[in-house]
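My notes follow in the order I checked things.

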Amino acid sequence: ADIQLTELGISLVNRNAKGKQHLRVKKTLVIPRGAVPDVEKLLQRFLALATQLGMQRPGQHFWRLPWESQTPESGWFDDVVKRTCEHLQVQPPPHDKWEGHSSRKGAATAASAIGVMLHKICFFGDWSIKSAAVHDYIDPSAPPTAAARRFFGWLLGLAA
C-alpha cells in the first residue's frame with residue numbers, strides 16, 4: 001500500500017524516515033506520471049500478475065507475491081546487487097565494494113552530475129537539508145550520463 005500507481009504517477013510513502021524520533025513524520029513522494037516510464041511499466045506488469053493470481057492488494061511490499069516471505073531478510077538488497085552484477089558481468093573497482101547502500105550513493109551522484117539541485121537530492125534521498133552527510137554520498141567527479149538523465153532528469157523540471 002506504500003507504493004501506488006495513481007493518476008499523478010508513482011506515489012511512495014516513506015514510513016521510516018531517518019532522524020530524531022520526535023521529528024519523524026510520514027513523507028509521501030510522488031514521481032510524476034511519465035517521468036520514469038520503464039518503472040511504471042514494471043509496476044503495471046506486477047499489478048497485472050497480482051490480479052491474475054487473485055491478490056486483492058499487493059500489500060506493503062509492492063514486489064512481494066503470495067508465496068514470498070512477509071519481510072525481506074536483512075541483506076536482501078545486498079544480494080540483489082550482487083546477483084545483478086554477476087548477471088551483467090561487472091564488478092567494482094579494486095578496493096571497493098558494491099552493496100545495497102551503493103544505490104543511494106549512485107542515485108545522489110547521478111542526480112548531482114546532471115545538475116539536480118541539492119535540496120531535491122536531499123528530499124528524495126531522505127537527508128536533512130542541514131545534514132553534511134549527503135556530501136559523503138555525492139562523487140563530484142562523476143560525469144553526467146544518459147542513464148542519469150533517464151532516471152533523474154524529471155527532477156530538473158520541478159520548480160525550485
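I looked up Cys-122 and found it buried, at 2% relative accessible area. Cys-85 is buried as well, at 15%. The model is a predicted one. I then searched for cysteine sulfur pairs within 2.5 Å and counted zero disulfides.

Next I listed the salt bridges and got three. Asp-38 and Arg-150 form one of them, with an N to O distance of 1.8 Å. Asp-38 sits in helix α1 and Arg-150 in helix α6 (residues 146-152), so this pair ties together parts 112 residues apart in sequence. I noted Asp-38 as partly exposed, at 36% relative accessibility.

Asp-79 and Arg-83 form another salt bridge, at 3.0 Å, N to O. Both residues belong to helix α2 (residues 76-88) and are four residues apart, about one turn of the helix. Asp-79 is partly exposed at 36%, and Arg-83 is partly exposed at 47%.

I also recorded the salt bridge between Glu-99 and Lys-97, at 3.6 Å, N to O. Here Glu-99 is partly exposed at 33%, whereas Lys-97 is exposed at 56%.

Last I went through α1, residues 37-52. At 1.5 Å a residue its 16 residues should span 22 Å, and the end C-alpha atoms are 22 Å apart, which agrees. I found Glu-40, Leu-43, Phe-46 and Ala-50 buried in α1. These four lie on the same side of α1, because they cover an arc of only 120° around the axis. The buried residues of α1 pack against β1 (3-6), β2 (9-14) and β3 (27-32). On the face turned away from the buried side I noted the exposed residues Leu-42, Arg-45 and Gln-52. Just after α1, Gly-54 has a positive phi of about 80°.

Definitions and conventions. Residues are numbered from 1 along each chain as its sequence is written. This is a predicted model: local features need pLDDT of at least 70, side-chain atom pairs count only at pLDDT 80 or more; totals for chains, interfaces and linings use all residues. Side-chain values use heavy atoms; hydrogens and water are left out. Helices (H or I, at least four residues) and strands (E, at least two) are DSSP runs, numbered from the N terminus. The expected span of a helix is 1.5 Å times one less than its number of residues. Buried means under 20% relative accessible area, exposed over 50%, partly exposed in between (1.4 Å probe, protein chains only). The arc is that of the directions from the helix axis to the C-beta atoms. Contact means heavy atoms within 4.5 Å. A salt bridge is a side-chain nitrogen of Lys or Arg within 4 Å of a carboxyl oxygen of Asp or Glu.
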